[in-house]
Amino acid sequence: METVILKELITDLDKYRAHKRNIDKNDESKGYEYEPLQEHTDRTYKYFSRFWQAKKYDAVLEKFFSNIWQDVNDDVNLKVKNILKEMIFAVPIFHDTGKINPLFQKEIMDIEKISGQKDFSNKNHAMISAIFYIDYFRYDVLSKAGRKIRDILKPFVLYHAYIISRHHSNLNNFSSFTGKLKEEGILKTIKAINKNSLYYKKIEYLTVDIENMINAYEKLKKNLSDKQSLYLCIYERMLYSLLVASDYYATGEFENGAEFKQEGDIDDISKWKEVYESTSLMKSIRAYQQNNFPQDEQKLQEVTDINVLRSEIFCEAEAVLNNEYENNIFYLEAPTGSGKSNTAINLSFKLMELDRKLKKIFYVYPFNTLVEQNTETLENIFAQNQSIMQSIAVLNSLTPIKMDKQSENKDENEDQVYQQALFDRQFLNYPMVLTTHVNLFEILFDDKQKAVFGFYQLANSVIVLDEIQSYKNTLWQRIISYLKAVAELLNMKIIIMSATLPDFDKFSHHQNAASVLLKNTRKYFNNSIFKNRVEVSYEILDKTDLKGEQLEDYLQEHIKKQIQDGRHIMIEFIKKSTAHRFWEKLKEDENINCAVELFSGDDSMAERKRILQRVKTSKEALILVSTQVIEAGVDIDMDLGYKDISKLDSEEQFMGRINRSCRKSGKVYFFNLDKARSIYKNDVRNNTELTLVDEAMRKALAEKDFSEYYNRVLAILERNYRAEYNTFFDSVRNLAWEKIAEQMKLIDDDAWSMTVYLARKIKNEQGDIIDGAEIWEKYRELLQDYSMNYAENKVKLSYVTAQMAEFMYQVETVPSDYSDKIGSIIYIKNGDKYFDEGKLNREIFKSKIVLW
């Protein structure tokens, strides 16, 4: 189908406008120039086609066919394929046809003399576009296709029309769309279209056919399996993302008078591999691979050099991947300190070598601290290659929108440069992305339009998911089922890695099994380097008579006895308030003659880096008090550890920070102070029988064998949360996007927390002074600057909000002396009074409570 079809369908098409722009952006009095509807349609169709081809969506459509219509004969199948693809490419053609709405043309496009506006109740155009789409395919296409094909494709007319109806808004819910199709207002709109002869023919009997389509949709929905429901859900999200992206690019082209780069892909992974393989680490591993790999399992137990084990793990994972790369999901379970991050980099590059359709890499971590840490790792590898460094982007709240230092096209004006930068961020136009689990899950599940912008870019990508089991385990069943479906449909390769991985495959009913990259992990876990690297003591945990302040006092005295020349001690608490209180106690103790640092999620980026650098380089004795933000993947090497017990996998992660290099002896003392359930709500791993209070769990930790632990966890989840799993699939079948977003939220919202901005002066990583009050004023100015180009404003805002993150905190109460408020952010000047030696003192907030 070509866009010229609109001339046959819409009366006087040439008189309708789609968008307008200022002739002179600096002088609005000069008026506007307008984009004809046909031109915008042509542009949208152009970008839609380019995206489709670049992301190889024909192959995705083939996969979709083979899973949704398994019992259709070849002849019918071919016809269905051809018509469905025609229907797909009609989506960008019809998406703005509703702009012929006379009220839209009058109020938005400034056409004063246009008949028919009094017959329309609002200027909405998306729903009218959906009506035109439905009418065209029910009348001009499906009515001529034969009954069987018509019955198969009826629901898809509605699915596509739904996307068109939502292309300027959030996904919402499919049921709200079908509900509107039944409302009286739709009938009035149809009558208004007919009365004013806006369409080439009368839209008669449409409501009857809509009812038939809805019945066909209900029938299809009932017959879909869980896997097919997931495929259809992903299909809808994919098309919505493609349409929205195409529409944005087309509009941007008109507003800026130039085309835009549509994708950022890795076209030649060999250039990246060449730099990576030239590092000293990789040369060492390749030499080992050539001369020593594989080691006999018995000999492996006698190895005393940790780098030998790291090389074995690296080489074995690569060897298995070479044989099983056609799978979509890969599990990498290996001990803490075994070089998983480097192994994952190699595996992602190797996958792109083996499957040339793969074009992007996403590295996804649970915390921003790990994003920062792994960004530094990549910078160390590729620092000398600026073209590669420009291809790596960090997507989180702490990092502004990436701007190229120099425009490739010297003819680009400033507006184009800002618009391209904004498009790159919104639509993930980067070859390599580092981000957090929360950001990825928004792309996969959120119903907000801005979250779905870049979903289409996930096709033919490699995703490395680090520590996914760290999130609430009530989601595990839904996570793995969805990941398997989206990876299979969109040809994604997903590497899930951790030192403690549950057997997620037990949840993914009737889906392809994942590939396990280390077939016998016990031979690594049982090696004394990993198994006996850290001695565990339960002497404090077993003192059940010690509670609260008594236990804190006991810990303080115990730690004092352990301070020796050069020894680095770490103690982790579950709650920020407890960590802060204990840090203050240690600082005030005159008998502690060493540095005492506090590391928590409240620290600025510069402060976190300062602390970690001190821990890594100091030769003097040091005590690090921390919250659980330290335990997952942070690359530090401590001599002695103390930890408040929580989840067993968290205990193992914490132990990975102790004697990490295996050059000394390490020891960890566990204790039980705060209740983990207050932090990890609804997580069955908090059950007493699954913690270190239980003897069987102590044995599991000692043996580094977590299979029994996870078997228990999975059994509880299967027994107690099956209903929630089924409810999720009900939402998937019904395309209830708002419910899906809520059911897949990684972090539950705290209804009692508020965001405060504490203005003060701090030093950044370069040692420069950053004034929080000045940044707040820049933020206010940008929000109130309505003359600035939208893209420029958004890019500049991203730089300011990235700086603002260093001054923003979530608190449960707000002081009465707050100074300002913008949106949901409460501004407090003189923020220094809420800090103690650079650390936020949350207790002060509790003493200055105001009802909000």
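A cavity, on a 1 Å grid over the protein atoms alone, is a set of points where a 1.4 Å probe fits but cannot get out, and its lining residues have an atom within 4 Å of a point. Good morning, colleagues. This is a predicted model, in which local features need pLDDT of at least 70 and side-chain atom pairs count only at pLDDT 80 or more, while totals for chains, interfaces and linings use all residues. Residues are numbered from 1 along each chain as its sequence is written, and side-chain values use heavy atoms, without hydrogens or water.

I begin with the cavity. The largest cavity has a volume of about 60 Å³, volume being the space filled by probe spheres set on the points. Its lining consists of Ser 341, Ala 344, Ile 345, Tyr 363, Tyr 365, Asn 374, Thr 377, Leu 378, Val 464 and Met 497. Two or more of the lining residues come from each of H16, strand S4 (360–365) and helix H17 (368–382); helices are DSSP runs of H or I with at least four residues, and strands are runs of E with at least two.

I turn now to helix packing. Helix H12 (residues 269–277) packs against helix H16 (residues 340–354) at an angle of about 150°, with axes 10 Å apart; axes are lines fitted to C-alpha atoms over the stretch in contact, and angles run from 0 to 180 degrees between N-to-C directions. The two helices, H12 and H16, are therefore roughly antiparallel, a term for angles over 145 degrees. In contact (heavy atoms within 4.5 Å), H12 residues including Trp 272 and Tyr 276 meet H16 residues including Ile 345 and Phe 349.

Conventions. Angles under 35 degrees count as roughly parallel, over 145 as roughly antiparallel, 65 to 115 as roughly perpendicular and the rest as oblique. On a 1 Å grid over the protein atoms alone, a cavity is a set of points where a 1.4 Å probe fits but cannot get out, and a pocket is an open set with protein on both sides within 12 Å along at least five of seven lines; lining residues have an atom within 4 Å of a point.
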